[in-house]
Amino acid sequence: MRYGSIINGRERNETHRDTLEVRSPYNQEKVAELALAKRSDLEDAVNNSFDTFHSTMKTMSAHRRADILRKTADLLEERVEDFARTIMKEAGKPIRFSRDEINRSIQVLRFASELAKNILGEVLPMDAAIGGENRMGLVKRKPLGVVGAITPFNFPLNLTLHKVAPAIAAGNTIVLKPAEKTPVSAYMLVKLFQEAGLPDGVLNLLMGTGEEVGEPLVTHEKVHKITFTGSLPVGRKIRESAGFKKVTLELGSNSPNIIFEDANIENAATSLVKGAFAFSGQVCISAQRIYVQKNIYDQFLENFVKQTKELKIGDPESEETDIGPMINEDEARRAKLWIDDAVEKGAKIETGGEQNGTVLSPTIMTNVDQNMKIIAEEVFAPIVSVIPFDSEEEVIKFSNDSIYGLQAGVFTKDIDRAMRVADQLEMGGVWVNEISTYRQDNHPYGGVKQSGIGKEGVKYAIEDMTEMKFIGIKLDS
Ligand code: NAD
């Protein structure tokens, strides 16, 4: 099947275009062929989004925006299996996890639908200022205009919706550039919005690579905001070239999870198996560093290794599969090299460490230190390290010793300690008695330090996709 860009409701899929193949990371079967966008398509898409903002979206009522989002959610609910199978094929995500992604995406659309009707302003007490008597001050929230959305491969539907749904709720138009590795679910989403009644030109889709399409989208002067989810190097580049635009960056991390001696060890181990290895660790908040208090370290490690060995590796299409492939062989090889590098520097492989094509077996490392890439950088692979610690002060220092700060997990029954530690961790979010990898779609989500700028979570993304406008009135008497 061949897919092209969609601009003003029409697909650009002519045969003369350059193409790019999308192949299953598991068995290399061809999933799709992309008819790539050219520079002129980008111009057309942005100009059309700009015009559609002024002609249509700026004046579209809140109830209509809410209706379209709700209808899209209803349609998606009818097609969970179609979408889940698409993500399973294009991303190699095991089918059960692919379904979870669709079910979250439905919620994102519902949250956005509800919030579209609740974008509130303020009335200011103008007489608080000397000379402000007989004046009225209103603060309204207005849409920005054209939002450029650039998305990664690992949650190709849900992370696209974390940008598209709030943008529509707020009354913006969007030019979407999905990851070229996983663009089919984004194409299906645009079709779904069309079916739900979204006017042409509100959501334009560009098929292409970061260099060809992403970069000129970031620098285009008619784009008012760039919302990007992806890697740190690309995020850094976007920040530098975006000029005056608003920018949201949702980047990577090396999330710590801390287990104190009073925690429920069995539960922590069970949830951390999922937290470290779900979608082969290709999750931005994947548990990468597990710090365990010394007196329970052996007990935890034994339990954790045992449960990890029970994971079923195989075909993402099978209902039984826990671990499928990584996104491509280069990434699996890169991750294997990082394991070898750590072993050379003295680390020990407790289980896993075998790479076969795109599949890397779930790997637990010990004896690690800060000089190893598997600790200092984002592994983005099924590799997790288990590290002993003595005291609360020490583990806070270990956890914060990172350029990243997205989410962390803290396991303890002591509420005072939980709150102390949560306060001191340099993170965008902290979970107590839950893994760093857990995320709901309605809380603020986004990193500090080099994990990002700005927040998603539908309500917070809407705030970032609107701007305040002040209207003051001088009354006659
Ligand atoms: P990536 O940075 O390689 O690509 C992301 C997107 O950026 C793709 O659409 C790509 O085509 C585009 N792109 C590439 N170069 C570009 C450029 N120069 N200008 C503009 N766009 C460009 O990331 P990926 O491999 O798809 O995803 C993995 C990364 O995403 C990991 O680092 C992960 O932590 C991060 N991530 C973060 C979050 C979060 O919410 N914080 C969520 C998921 C993934």
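These legends go with a handful of close-up views of a predicted model.

Local features here need pLDDT of at least 70 and side-chain atom pairs count only at pLDDT 80 or more, while totals for chains, interfaces and linings use all residues. Residues are numbered from 1 along each chain as its sequence is written, and side-chain values use heavy atoms, with hydrogens and water left out.

View 1. Domain 1 covers 2-251 + 452-471 and domain 2 covers 256-441, with bounds from an automatic or database domain assignment. Their C-alpha centres sit 31 Å apart. In the contact (heavy atoms within 4.5 Å), domain 1 puts in 30 residues and domain 2 puts in 28 residues. About 2,500 Å² is buried between domain 1 and domain 2, with carbon and sulfur atoms giving 59% of that area; buried area is the accessible area (1.4 Å probe) that two parts lose on being put together, summed over both.

View 2. Side chains of opposite charge can pair when their charged atoms come close. Four salt bridges turn up between domain 1 and domain 2, a salt bridge being a side-chain nitrogen of Lys or Arg within 4 Å of a carboxyl oxygen of Asp or Glu. The interface also has 13 residue pairs in polar contact, both residues at pLDDT 80 or more. A polar contact is a pair of N or O atoms within 3.5 Å; within protein, one must be able to donate a hydrogen and the other to accept it, and residues adjacent in sequence count only if both atoms are side-chain atoms.

View 3. Helices H3 (80-91), H4 (95-116) and H5 (158-170) each bring at least two residues to the side of domain 1 that touches domain 2. Here, helices (H or I, at least four residues) and strands (E, at least two) are DSSP runs, numbered from the N terminus. H4 gives the largest share, seven residues.

**View 4. Around the ligand.** The ligand is surrounded by 28 residues, and the closest are Thr151, Glu180, Ser231, Leu251 and Glu378; a residue counts if one of its heavy atoms lies within 4 Å. A polar backbone atom of Thr151 is 2.8 Å from a ligand oxygen. An N or O atom in the Lys177 side chain is 2.9 Å from an oxygen atom of the ligand, and one in the Glu215 side chain is 3.0 Å from a ligand nitrogen.

View 5. Arg2 and Glu33 meet through their side chains in a salt bridge (3.3 Å, N to O). This pair links distant parts of the chain, 31 residues apart: Arg2 is in strand S1 (residues 2-3) and Glu33 in strand S5 (residues 30-35).
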